Amino acid sequence: MITCCIFDLDGVIVDTAKYHYLAWAALARELGFEFTPEQGEATKGVSRMASLDIVLRAGGLEERFTPEEKERLAAEKNARYLEYIGRMTADEVLPGVLPFLQELKARGVKVVLGSASKNAGVILDRCGLRPLFDHIVDGTLVSKAKPDPEVFAKGAELADEAPAACVVFEDAAAGIEAATRAGMRSVGVGGSPLLCKATMQLPTFEGFTLEMLRNQID
Ligand code: B16
Ligand code: MG
């Protein structure tokens with residue numbers, strides 16, 4: 001039986017992808033090229049430095065910078081991103097997420113965050129969600145990016161739950177693969193055909209309940 005739910009953040013709980021994109025696009029413009037929304041898709045669920053490589057490749061600049069310069073560019077992007085997320089409110093929590101998290105808490109199911117973002121804490125605080133999470137595993141705690149299972153394995157370990165009792169909610173194919181490699185079932189959130197390897201798919205959390213989850217997954 002499912003007794004622990006592990007949530008990705010960006011694309012599952014909030015749509016911060018649009019802020020990541022705006023910050024990367026602004027950096028690209030400074031470097032002299034356009035970074036399109038379609039190119040931005042590839043940065044979803046990917047770590048900050050891997051995202052920077054995707055942006056630089058789009059501009060044909062992948063060989064141009066030293067590791068120190070790349071750190072500076074990533075810091076510049078992050079400063080812009082922090083400006084955006086510093087203005088977030090609870091209204092930006094995706095539809096149906098809050099009632100589902102509240103139901104899990106009320107029914108004694110553990111709620112864990114499993115995100116690649118180093119800014120996850122800021123986002124949870126801005127949206128008032130931190131008290132609903134029993135454990136938070138974010139980009140400050142893991143060294144290997146999804147599809148490596150580290151982030152979810154660590155979440156299960158902190159929650160003291162067996163992988164078989166955990167289900168991962170993810171919007172990125174790399175996250176679904178990470179869940180499978182961690183020995184966990186998964187819910188592909190958002191309806192992308194790229195999530196076909198998930199145990200089940202969920203277009204939106206609106207109207208979704210623990211009973212529906214257990215009926216479809218247990
Ligand atoms: P940061 P998730 C991921 O969050 C984002 O999807 C991805 O676009 C971003 O590059 C990554 O976090 C790192 O974020 O720069 O804030 O540390 O989907 O794993 O919740
Ligand atoms: Mg995500």
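The model is predicted, so local features need pLDDT of at least 70 and side-chain atom pairs count only at pLDDT 80 or more, while totals for chains, interfaces and linings use all residues. Residues are numbered from 1 along each chain as its sequence is written, chains are lettered from A and ligands numbered from 1 in the order in which they are written, and side-chain values use heavy atoms, with hydrogens and water left out.

- Helices (H or I, at least four residues) and strands (E, at least two) are DSSP runs, numbered from the N terminus.
- Asp-10 and Asp-171 are both buried. The cut-offs are under 20% relative accessible area for buried, over 50% for exposed, and partly exposed in between (1.4 Å probe, protein chains only).
- Asp-8 is also found in the loop between strand 1 and helix 1, and it counts as buried because its relative accessible area is 5%.
- The side chain of Asp-8 makes a polar contact of 2.9 Å with that of Lys-146. A polar contact is a pair of N or O atoms within 3.5 Å; within protein, one must be able to donate a hydrogen and the other to accept it, and residues adjacent in sequence count only if both atoms are side-chain atoms.

**Ligand 1 and its surroundings**

- There are 18 residues around ligand 1, and Gly-45, Val-46, Ser-117, Lys-118 and Asn-119 come nearest. To be near, a residue needs one of its heavy atoms within 4 Å of the molecule or strand.
- Asp-10 turns up again here: a polar side-chain atom of Asp-10 is 2.8 Å from an oxygen atom of ligand 1.
- Gly-45 brings a polar backbone atom to 2.7 Å from an oxygen atom of ligand 1.
- Arg-48 places a polar side-chain atom 2.8 Å from an oxygen atom of ligand 1.
- On its own, ligand 1 exposes 470 Å², and the protein buries 99% of that. These accessible areas come from the Shrake-Rupley method with a 1.4 Å probe; for residues, only the protein chains shown count as cover.
- Asn-119 lies in the loop between strand 2 (110–114) and helix 6 (120–126), and its relative accessible area of 8% is why it counts as buried.
- From Asn-119 to Thr-140 is 21 residues along the chain, with their C-alpha atoms separated by 8.5 Å.

**Backbone features to look at**

- Lys-146, the contact partner of Asp-8, is joined to Pro-147 by a cis peptide bond, with omega at about 15 degrees.
- Pro-147 belongs to the loop between strand 3 (135–137) and helix 7 (150–159).
- Asp-160 is not a glycine, yet it has a positive phi of about 60 degrees.
- You'll find Asp-160 in the loop between helix 7 and strand 4, and it counts as exposed because its relative accessibility is 68%.

**Other residues**

- Val-142 is in the loop between strand 3 and helix 7, and at 19% relative accessibility it counts as buried.
- Lys-70 is part of helix 4 and is buried, with a relative accessible area of 18%.
- Leu-94 lies in the loop between helix 4 (67–85) and helix 5 (97–106), and it is partly exposed at 25% relative accessible area.
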